[in-house]
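Here is a short briefing on one protein chain. Look over the sequence and the structure, then read the points below.

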Amino acid sequence: MTPMSDGRSRSEALAAQYEAYPYPERDPADEAKRLITGSPSRLAEIDHYLYGGARDWSRPFRVLVAGGGTGDATVMLAQQLAEVAVEAEIVYLDRSAAARAIAEARVAARGLTGVRFVTGSLLEVAGLAPGPFDYVDCCGVLHHLDDPAAGLAALTGVLAEDGGLGIMVYAPYGRSGVYELQAALRQLGRDLPLDRRLALARRLLAGLPTTNRFAANRLIGDHRRGDAELVDLLLNPVDRAFSVPELAGLVAGAGLTIASFVEPVRYEPRLYLADPALRARCDGLPPIEQAALAERLAGNMKTHVAYLARRPGTVARLDGPDWVPQLIEIDARTLAASLERKGAISGTVDGLDITLPVPPLAAAVAGEIDDRRTLGEIVADLRRRRPELAEASLVQAAQALLATLGGLNKLLLRRA
Ligand SMILES: C[S@@+](CC[C@H](N)C(=O)[O-])C[C@H]1O[C@@H](n2cnc3c(N)ncnc32)[C@H](O)[C@@H]1O
């Protein structure tokens, strides 16, 4: 362990940072106004990516939120599980007592139950919060450990045999400029307390040369949100990024497999290659190499969100009509109108404009998705109303639409 200039280990300095600046900055009063949602750890994602879209939710569900911070994942999971009335226990674990106090206040503000709060290191999870857990959330934590492999091994040790993890780790290329700015700030302020280094960082950011890679990186804005965010980004004593091959090595070392990255389509090099000769070359690569190539070509990935399982084959696959499609944070009618107009799904992902064409009939299918009917029922209902539409064309359009939206993590599948 490399000591800091004040004699503390890097891990102790990290602990002190999250005690002084619990991350992310959250006000429990805001729970009355909004629910923060995201990936990993949406219930529908857990089902789709880790349980083949077929988890039996009448069975109890045990969750560990490892490095839970100020409570985003804990609150989201507890709220979702309460809404679908699943018998569940969530264990929140973090080293920071300050972060825990905020997470507890947020859970209390929503009147949520079934959450147990534990203060301690995830490296000691087996003693602090024994498994088995059906699901482990570890978002933005492994890259802050001196030994991420030991962290992932500890979490895998409390995972149920058929359980899975949802993780987020930093990725190198989208964080261009971050690491040299961290090093520059260490040079300028390593002898100062954290609050004074924060002030220095603000001065430095105000006058960076335009050629500085951080100044030129339009993808990163965390430091503009607040003190905790700036400290976490630029003054963090333990921070490393994982390229796709490095992450694959970490995951394999724990005896796990990457069930899926989120959003999956961003890890397909075809998204970034128009030239047929190049496309043909990359089609022959194994999936993880394709993902590594996609990361290198895109250049805009700041993080990797991934679901991990013990064995391959946990992701739901559309293999017939008996699947219920569920839209994520899009309204079916708005989607249908947009597809009608553009004939494609388009948007900007971390600075990159993407346009994914879908067949003309996809608009009609999109307008019917209601998180209730199966694909087969949707097609049958459409044909009852519009008998002129051929079943085969509708099915083909539906498959194309579901695959495209699925690639963007905007549509997930559940077994009927
Ligand atoms: C960047 S924050 C992420 C918080 C939360 N997971 C989120 O995504 O909002 C990292 C958190 O990990 C916690 N942490 C760091 N090392 C830890 C360890 N060894 N055991 C438990 N928690 C740890 C910190 O205290 C901090 O709250």
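Strand E2 (residues 88-94) and strand E3 (residues 115-119) run parallel and are joined by 5 bridges. Two strands pair if DSSP finds at least two bridges between them. This is a predicted model: local features need pLDDT of at least 70, side-chain atom pairs count only at pLDDT 80 or more, and totals for chains, interfaces and linings use all residues. Residues are numbered from 1 along each chain as its sequence is written, and side-chain values use heavy atoms, without hydrogens and water.

- Helices (H or I, at least four residues) and strands (E, at least two) are DSSP runs, numbered from the N terminus.
- Ile-90 stands opposite Val-115 in E3.
- From E2 the chain passes through helix H4 (residues 97-109) to E3, and this β-α-β crossover is right-handed.
- Right-handed means that, with the strands pointing away from the viewer, the path from the first strand over the helix to the second runs clockwise.

**Cysteines**
- A disulfide is a pair of cysteine sulfur atoms within 2.5 Å, and the count here is 0.
- The closest cysteine sulfur to that of Cys-138 is in Cys-139, 8.1 Å away, too far for a bond.
- Cys-138 is buried (under 20% relative accessible area; exposed is over 50%, partly exposed in between; 1.4 Å probe, protein chains only), at 0%.
- Cys-282 is also buried, at 2% relative accessibility.

**Val-265**
- Val-265 lies in the loop between strand E6 (257-262) and helix H12 (276-283).
- Val-265 is buried, with a relative accessible area of 10%.
- Beyond its neighbours within four places in sequence, Val-265 is in contact (heavy atoms within 4.5 Å) with Leu-271, Gly-407 and Leu-408.
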